[in-house]
Amino acid sequence: MESSRVKPGFSGVSSLSDSRRSYMGAAAPSKPAVDGCGVALRVFILAATLVAAVVMGLDRQTSTVQVTIADKLPPLQVPVTAKWSYSSAFVYFVVANAMACVFSAVALAACRSRSAVAPLMVGDLVVLALLFSAVGAAAEFGILGERGNSHVRWGKVCHVYSQFCGRAMAAVIVSLVAAFANLVHLMFAILDVHKNSSYY
């Protein structure tokens, strides 16, 4: 008889289950409406990381330097080639941007799946860390080539490979813009989840 007096929701079981269902999105449609701003950011990130990876991956320049063997002999003209694959920082940069590009393509394909929201947010965090770390490593190597390091007697080389350094710096700037765009997209995604969740 006592159980018949208990109204639904008074014990907290029904209300708790309702809030969980609402938080997990069970009552929401399986295919939410596509966010135009989010898709535009994804497309921009995909294009920017692709451009950065291609520009850096094709960066190569051969220059001629003079090597003096003896004071009485004329200097030798030696062709020297600079290539992105000679630097581990640039290799990491190309790989990181290629991974970010592939992830952006996968995210665009899964943007209508509600079950993919959490995995995509985790992937965005990983891509964000990859891009910023790759930009930092490549920029540091580029600054070293531009200015050198007198403490360890590393001479600057960008005056010899000006085109190579220019293309590398352009790729770093494009990747940095893509990293900030990915950060903005992730912030919007977190705010959207918070706004649509009744748990809070």
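Reader: Are Cys158 and Cys165 buried or exposed?
Author: In this predicted model, Cys158 is buried, and Cys165 is buried too. The word stands for a relative accessible area under 20%.

Reader: What makes the pair Cys158 and Cys165 a disulfide?
Author: Their sulfur atoms lie 2.1 Å apart. The cut-off is 2.5 Å, so the pair qualifies. The count by this rule is one disulfide. A disulfide is a covalent bond between the sulfur atoms of two cysteines.

Reader: What is the handedness of the link between Cys158 and Cys165?
Author: The link is left-handed, with -90 degrees about the S-S bond.

Reader: Why is Cys101 counted as buried?
Author: Cys101 has a relative accessibility of 13%. Buried means under 20%, so Cys101 falls in that class. Cys37, by its relative accessible area of 41%, is partly exposed: that class runs between 20% and 50%.

Reader: Where does Cys101 sit, and which other residues are buried there?
Author: Cys101 belongs to α4, where the buried residues also include Phe90, Phe93, Asn97, Phe103 and Ser104. The buried residues of α4 pack against α3, α5 and α6. At the start of α4, the backbone nitrogen of Ala89 has a side-chain oxygen of Ser87 within 3.3 Å.

Reader: How do you know that the length of α5 agrees with its number of residues?
Author: α5 has 31 residues, and at 1.5 Å a residue these should span 45 Å. The end C-alpha atoms are 44 Å apart, so the two values agree. Gly148 follows α5 and has a positive phi, near 75 degrees. For α4, with 22 residues, the reach from first to last C-alpha is 32 Å, close to the expected 32 Å.

Reader: Which residues touch the most other members of the largest nonpolar core?
Author: That core has 20 residues, and those with the most contacts to other members are Met56, Trp84, Phe90, Phe93, Ala138, Phe164 and Val172. Two or more residues each come from α3, α4, α5 and α6. Apart from this core lies another, of eight residues, including Val127 and Leu131.

Reader: What makes Asp59 buried?
Author: Its relative accessible area is 0%. The limit is 20%, so Asp59 is buried. Asp59 sits in the loop between α3 and β1. Beyond its sequence neighbours within four places, Asp59 touches residues including Trp84, Gln163, Phe164 and Ala168.

Reader: Why is the pairing of Asp59 with Arg167 called a polar contact?
Author: The two side chains make this contact at 2.9 Å. The cut-off for a pair of N or O atoms is 3.5 Å, so the distance meets it.

Reader: Why is Ile190 called partly exposed?
Author: Ile190 has a relative accessible area of 44%. That value falls between 20% and 50%, so the label is partly exposed. Ile190 lies in helix α6. Its C-alpha is 9.9 Å from that of Ala118, which is 72 residues away in sequence.

Reader: Where does UniProt place the transmembrane regions?
Author: The unreviewed UniProt entry gives residues 39-58, 89-110, 122-144 and 169-191. In the model, residues 39-58 are 95% helix and 0% strand, with end C-alpha atoms 28 Å apart. Residues 89-110 are also 95% helix and 0% strand, with 31 Å between the end C-alpha atoms.

Conventions: Residues are numbered from 1 along each chain as its sequence is written. This is a predicted model: local features need pLDDT of at least 70, side-chain atom pairs count only at pLDDT 80 or more; totals for chains, interfaces and linings use all residues. Side-chain values use heavy atoms; hydrogens and water are left out. UniProt positions are given in the numbering used here, feature names are shortened, and annotations may be inferred rather than shown by experiment. Helices (H or I, at least four residues) and strands (E, at least two) are DSSP runs, numbered from the N terminus. A nonpolar core is a set of buried Ala, Val, Leu, Ile, Met, Phe, Trp, Tyr and Cys residues joined through side-chain atoms within 4.5 Å. Buried means under 20% relative accessible area, exposed over 50%, partly exposed in between (1.4 Å probe, protein chains only). The expected span of a helix is 1.5 Å times one less than its number of residues. Contact means heavy atoms within 4.5 Å. A polar contact is a pair of N or O atoms within 3.5 Å; within protein, one must be able to donate a hydrogen and the other to accept it, and residues adjacent in sequence count only if both atoms are side-chain atoms.
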